[in-house]
Amino acid sequence: MTEIDAVESPLREIFAGRRGEPAEVIPLLQAAQERLGYVPREALRVIARFTGVPESKVYGVATFYAQFKLTPMGRHHVMICRGTACHVRGGARILTAVKRELNLEEQQTSPDMKYTLETVACIGACALAPCLVVNKKVYGRLNPQKATAIFTQKE
Ligand code: FES
């Protein structure tokens with residue numbers, strides 16, 4: 001299977017029942033990411049062709065919204081909150097400790113594809129500040145020790 005087939009086959013299933021209209025670019029990008037784990041360059045091309053929207057505009061949409069990932073993500077997607085509530089309760093110390101534990105900087109993925117580390121403005125769990133999310137699970141009321149302990153048993 002070629003790289004193009006690996007992208008086109010799942011996208012053909014996503015396209016089923018859709019009309020191929022410009023308004024479908026965002027839902028198609030979301031569906032592609034859900035299916036492929038990220039939005040590869042080839043997916044941008046295929047979505048552009050299907051919707052009739054220039055590839056440069058599809059790329060523009062995909063890069064405008066932080067939700068779209070254009071590179072493969074690690075198996076564990078770590079998001080550390082940098083919002084105000086978390087900041088005043090020691091969020092910076094959590095970030096420093098996790099960066100050291102994972103040996104990653106912000107917006108990086110480990111070479112073994114185990115972790116992707118990102119920071120976000122607020123994860124919507126301010127009452128639990130400071131907090132972080134791993135694969136959609138929220139961990140709250142953290143200190144640096146509790147935060148690093150989250151990663152000791154991840155495979
Ligand atoms: S500020 Fe951190 S969850 Fe809202």
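In this predicted model, helix H3 covers residues 41-51, and its buried residues are Ala-43, Leu-44, Val-46, Ile-47, Phe-50 and Thr-51. Just after H3 comes Gly-52, whose phi is positive at about 75°.

**Helix H3 and its partner H2**

- Helix H2 is formed by residues 25-36, and the axes of H2 and H3 come within 11 Å of each other while crossing at roughly 145°.
- The crossing of H2 and H3 is right-handed, and the contact is made on the H2 side by Val-25, Leu-28, Leu-29, Ala-32 and Leu-36 and on the H3 side by Ala-43, Ile-47 and Thr-51.
- Ala-43, Ile-47 and Thr-51, which take part in this contact, also belong to the buried residues of H3.

**The chain as a whole**

- The protein chain contains 7 helices and 5 strands, and from the N terminus on these elements follow the order α-α-α-α-β-α-α-β-β-β-β-α.

**The five-stranded sheet**

- An open sheet of 5 strands is arranged in the order S2-S3-S1-S4-S5, and its pairing is mixed.
- Strand S2 (108-109) and S5 are the edge strands of this sheet, each of them pairing on one side only.
- Strand S1 (residues 76-81) pairs with strand S3 (residues 115-120) in the parallel sense over 6 bridges, and within this pairing Val-78 stands opposite Leu-117 in S3.
- S1 also pairs with strand S4 (residues 132-134), here in the antiparallel sense and over 3 bridges, with Val-133 in S4 as the bridge partner of Met-79.

**Two nonpolar cores**

- The largest nonpolar core has 16 residues, and those that touch the most other members are Val-78, Ile-80, Ile-94, Val-98, Leu-117, Cys-131 and Leu-132.
- S1, helix H6 (91-102) and S3 each supply at least two residues of this core, and the largest share, 4 residues, comes from H6.
- Val-78, when its neighbours within four places in sequence are left aside, is in contact with Val-98, Tyr-115, Thr-116, Leu-117, Glu-118, Leu-132 and Val-134.
- A second, separate core is made of 15 residues, including Ala-32, Val-39, Ala-43 and Val-58; of these, Ala-32 of H2 and Ala-43 of H3 also take part in the contact between the two helices.

**Loops and backbone details**

- The peptide bond from Ala-129 to Pro-130 is cis, with omega near -5°, and Pro-130 lies in the loop between S3 and S4.
- Asn-135 is placed in the loop between S4 and strand S5 (137-139), and its phi is near 50°, a positive value in a residue other than glycine.
- Asn-135 counts as exposed because 11 other C-beta atoms lie within 10 Å, the limit for an exposed residue being 12 or fewer.
- Arg-141, in the loop between S5 and helix H7 (144-149), likewise has a positive phi near 50° although the residue is other than glycine.
- Arg-141 has 11 C-beta neighbours inside 10 Å and therefore counts as exposed.

- Val-88 lies in helix H5, which is formed by residues 84-88, and Val-88 counts as exposed because it has 10 C-beta neighbours inside 10 Å.
- Between Val-88 and Ala-43 there are 41 Å in space, C-alpha to C-alpha, and the two residues are 45 residues apart in sequence.
- Ala-43 is among the buried residues of H3, whereas Val-88 is exposed.

How values were computed. Residues numbered from 1 in each chain as written. Predicted model: local features only at pLDDT ≥ 70, side-chain atom pairs only at ≥ 80, totals over all residues. Pairing = 2+ DSSP bridges. Buried ≥ 20, exposed ≤ 12 C-beta atoms within 10 Å, placed from the backbone. Core = buried A, V, L, I, M, F, W, Y, C linked by C-beta atoms within 7 Å. Contact = placed C-beta atoms within 7 Å. Axes fitted to C-alpha atoms, helices over the stretch in contact; angles between N-to-C directions. Left-handed = near helix turned anticlockwise from the far one by under 90°.
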